[in-house]
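Subject: Handing over the model, with notes

Dear colleague,

I am passing on the structure we spoke about, and the notes below it set out what was found. Please read them with the model open beside you.

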Amino acid sequence: MIKKLLIGSSCIALLAACSPLETLSGEEPVMISSRHSSKSPELSPTKEKWEGFFNKEVAVVEEEPEEETPAEPTDEEPSEPVTGEPSDAPPEEEAIPVVANPTAINVMVNKFWALPDGYRPPDLIRPNVPFSFGNENSDRSKLRMEAAEALEMMFAGAASEGIELYARSGFRSFETQESIFKNEIATYGYEQAVLYVARPGTSEHQTGLTMDITAKSVGLELVESFENTAEGKWLAANAHHYGFILRYPKGKTNITGYAFEPWHYRYVGVDIATDIFNRGITLEEYMGDVREF
């Protein structure tokens, strides 16, 4: 009932604004110039006509909201990733073959050859040399026995010529390498990380035959500028006499898969190290297993 009254009132207001009351009552309007102008017309409609007007029901049609038509599926890929994963997330990589001789002094571990799961050399010891982290007796201070003894002789030989070297990072377990690798990806992205850090299971540090070496001249850090220091130059020229090679030399990234690292020295024995040094080649080239990147 309330709706009818509201609608009726609205209609009257609209009609009143647009038409004279005479039109609503059905009477013919009286013209001012008519000869009947002296006659008083009935200006308001009768009660019955108004009641009839109010009693008319007006149908109100409520519009129903239009249903949204679902978009047709397409075969196009979304322009942006929808999984929330970083764009430089590590790609899925195929399994890497495992070396058959993990304890061999000349074992080659790289991006194409991995160590057995959980491999840990049985003869790790701490060489008696200065370390950048002092007297800490942890995994990173250890090498396999033969390599540790050779490192002691090399450091002694350098000291006899006024060169002071410091060992910084030796053996790394699979778990430690995994942590370092993930942190490198988070910090620098995957493409940059794989140039400097090995995937877990493929690190030479896990063989127990590698030591990163530094000096006070570079703040005991591992930086490329070490190459131009007296200590870096001495190592590059003399390490092979003690069985060590500069494992990732400059200009060989397409073969080793790693950027130049003037601090990374790998023990392979005096004979092999001397041959590699004299020929100016990498371990991959010496072993005849070169797969250029």
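Are Phe-244 and Tyr-267 buried or exposed? Phe-244 is buried and Tyr-267 is buried as well, where buried stands for under 20% relative accessible area, exposed for over 50% and partly exposed for what lies in between, with a 1.4 Å probe and protein chains only.

Before the details, please keep in mind that this is a predicted model, in which local features need pLDDT of at least 70 and side-chain atom pairs count only at pLDDT 80 or more, while totals for chains, interfaces and linings use all residues. Residues are numbered from 1 along each chain as its sequence is written, and side-chain values use heavy atoms, with hydrogens and water left out.

The protein has 10 helices and six strands, taken as DSSP runs numbered from the N terminus (helices H or I of at least four residues, strands E of at least two). Of its 293 residues, 37% are buried. The protein exposes about 18,200 Å², of which carbon and sulfur atoms supply 52%, by the Shrake-Rupley method with a 1.4 Å probe, where for residues only the protein chains shown count as cover. Among contacts (heavy atoms within 4.5 Å) between residues at least 6 apart in sequence, 66% join residues at least 24 apart.

Strand 6 (residues 264-267) has two partners to consider, where strands pair if DSSP finds at least two bridges between them. Strand 4 (residues 210-214) pairs with strand 6 in the antiparallel sense over three bridges, and Arg-266 is the bridge partner of Thr-210. Strand 5 (residues 244-246) also runs antiparallel to strand 6, joined to it by three bridges, with Leu-246 opposite Tyr-265. In a regular strand the side chains alternate between the two faces of the sheet. In strand 6, His-264 and Arg-266 point one way and Tyr-265 and Tyr-267 the other, and all of these are buried.

Aromatic pairs are rings of Phe, Tyr and Trp (its six-membered ring) with centres within 6.5 Å, counted as stacked when the planes are under 30 degrees apart, edge-to-face when over 60 and tilted for the rest. By this rule there are five aromatic pairs. One of them is Phe-181 with Tyr-190, edge-to-face at 6.4 Å centre to centre and 80° between the planes, and both residues are buried. Phe-244 and Tyr-267 are also edge-to-face, because their ring centres are 5.3 Å apart and their planes stand at 65°. Since Phe-244 belongs to strand 5 and Tyr-267 to strand 6, this pair ties together parts that are 23 residues apart in sequence.

Charges over rings (NZ of Lys or CZ of Arg within 6 Å of the ring centre and within 35 degrees of the ring normal) include Lys-111, whose charged end sits over the ring of Tyr-258 at 4.1 Å from its centre. Arg-140 lies over the face of Phe-133, 3.9 Å from the ring centre.

Arg-140 is also among the contacts of Ser-169, together with His-205, Thr-210, Met-211 and Asp-212, leaving aside neighbours within four places in sequence. Ser-169 is part of strand 3 (residues 166-169) and counts as buried because its relative accessibility is 10%.

Finally, Thr-282 lies in the loop between helix 9 (270-279) and helix 10 (283-287), and Thr-282 is buried, with a relative accessible area of 2%. Not counting residues up to four places away in sequence, Thr-282 touches Pro-249, Lys-252, Ile-255, Thr-256 and Ile-276.
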